[in-house]
Amino acid sequence: MTQPILSLRGISKHFGGVRALTDVSLDLVPGQVTALVGDNGAGKSTLVKVMSGVHRPDTGQYLFEGREMHVTGPAAVAQMGVQTVYQDLALCDNLDAVQNLFLGREMTGPWWTGFRVSRAAAERRAREVLKRLRLESISLSRNVGAMSGGQRQNIAIARSILWEPKVVLLDEPTAALSHSAAAQVGDLVRELAAHGLAVLVISHDIHHFVLDNTDRIEVLRLGRNAASFASGTVTGEQVVNAMVGGNESINRAG
Ligand SMILES: Nc1ncnc2c1ncn2[C@@H]1O[C@H](COP(=O)(O)OP(=O)(O)OP(=O)(O)O)[C@@H](O)[C@H]1O
Ligand SMILES: [Mg+2]
């Protein structure tokens, strides 16, 4: 098996009296989609925020490419090659896809143009990226406010890819989406892994999204590792049982 690119070992994190995470370990492997599942409050978002540098864990190790990192914050983690897409997406509805893709990193022309944003260059790069991700059907010039939930989600993911990350973390990318829109996001997630990225995706849609689009399933329950499955070898019922603490004997299957 390929070596993990990002590993957490024995991570604990509390907020006042709430133990959000206790002794949690997780590996993300290049070319694989890992699902992070668990009931509400199980600690999934907290774990992603530890990985993205938003939260500093109380204890535990953060390894990137086999080396222990002392993560100082989100900027350092992004610099290292780990991008996070949060549920609110932070898209500007009154801007089009190209403008949203390059938000905060406007492409500039050479000095004799006065470094003005080069729309043509941005459009070329946007078209290239969307094509690579098989998202050619997305309009470059429509305001994203007028787009479907699935298209908006895919633009937010495509934007994270412009930074050429090695790891992408997605917190509930399909939460507000219809079944077909979620399937589009599933296609994109698999496309990213096919390009060699390590992808982590939080989802509550075990029976469709998780089983259809991921390679491994890591289950958190009450802030602890509860089970780990190869997606191809489990049923939705087995995963849900592990989430809610049902039949303990099957939790280590796969
Ligand atoms: N900033 C915070 N301050 C205090 N408590 C927090 C904070 N963030 C999370 N928690 C608590 O930590 C626990 C884990 O929360 P977390 O958001 O990680 O769960 P989750 O698995 O993402 O749940 P959901 O499926 O509802 O999104 C919860 O009890 C939550 O209330
Ligand atoms: Mg959450």
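This is a predicted model: local features need pLDDT of at least 70, side-chain atom pairs count only at pLDDT 80 or more; totals for chains, interfaces and linings use all residues.
Beyond residues up to four places away in sequence, Gln153 makes contact with Val85, Leu89, Pro173, Leu177 and Val185.

An open sheet is built from 4 strands in the order 2-1-4-5, with antiparallel pairing. Its edges are formed by strand 2 (18–28) and strand 5 (67–68), each of which pairs on one side only. Strand 5 is joined by 2 bridges to strand 4 (residues 59–64), and the two run antiparallel. Within this pairing, Phe64 has Arg67 of strand 5 as its bridge partner. Helix 1 (residues 44–51) packs on the sheet and touches strand 1 (6–15), strand 2 and strand 4. The direction of helix 1 makes about 60° with that of strand 2.

Strand 3 runs parallel to strand 8 (residues 198–202), to which 4 bridges join it. Val33 is placed opposite Val199 of strand 8. Strand 3 also pairs with strand 9 in the parallel sense, again over 4 bridges. Here Ala35 has Ile217 of strand 9 as its bridge partner.

The largest nonpolar core comprises 51 residues, of which Val37, Ile217, Val219 and Val239 touch the most other members. Helix 6 (residues 179–194) gives the most to this core, contributing 7 residues. Another core, of 26 residues, lies apart from it and includes Leu26, Leu47, Met51 and Leu220. The contacts of Ile217, not counting residues up to four places away in sequence, are with Ala35, Val37, Val210, Leu211, Ala227, Ser228, Phe229, Ser231, Val234 and Val239.

Packing between helices was examined for helix 7 (residues 206–213) and helix 8 (residues 236–244), which meet at an angle of about 105° with their axes 10 Å apart. Helix 7 is therefore roughly perpendicular to helix 8. On the side of helix 7 the contact is made by Ile206, His207 and Leu211, and on the side of helix 8 by Gly236, Glu237, Val239, Val240 and Met243. By class, this contact has 5 nonpolar, 2 polar and 1 charged residues.

Backbone geometry was also considered. Most residues other than glycine have a negative phi. Arg134, a residue other than glycine, has a positive phi near 60°. Arg134 is situated in the loop between helix 4 (119–132) and helix 5, and is exposed, with a relative accessible area of 61%. Leu222, likewise not a glycine, has a positive phi of about 50°. Leu222 occupies the loop between strand 9 (216–221) and strand 10 (224–230). With a relative accessibility of 70%, Leu222 counts as exposed.

How values were computed:
Residues are numbered from 1 along each chain as its sequence is written. Chains are lettered from A and ligands numbered from 1 in the order in which they are written. Side-chain values use heavy atoms; hydrogens and water are left out. Contact means heavy atoms within 4.5 Å. Two strands pair if DSSP finds at least two bridges between them. Axes are lines fitted to C-alpha atoms, for helices over the stretch in contact, and angles run from 0 to 180 degrees between N-to-C directions. A nonpolar core is a set of buried Ala, Val, Leu, Ile, Met, Phe, Trp, Tyr and Cys residues joined through side-chain atoms within 4.5 Å. Buried means under 20% relative accessible area, exposed over 50%, partly exposed in between (1.4 Å probe, protein chains only). Angles under 35 degrees count as roughly parallel, over 145 as roughly antiparallel, 65 to 115 as roughly perpendicular and the rest as oblique. Ala, Val, Leu, Ile, Met, Phe, Trp, Tyr, Cys and Pro count as nonpolar, Asp, Glu, Lys and Arg as charged, and the others, Gly among them, as polar.
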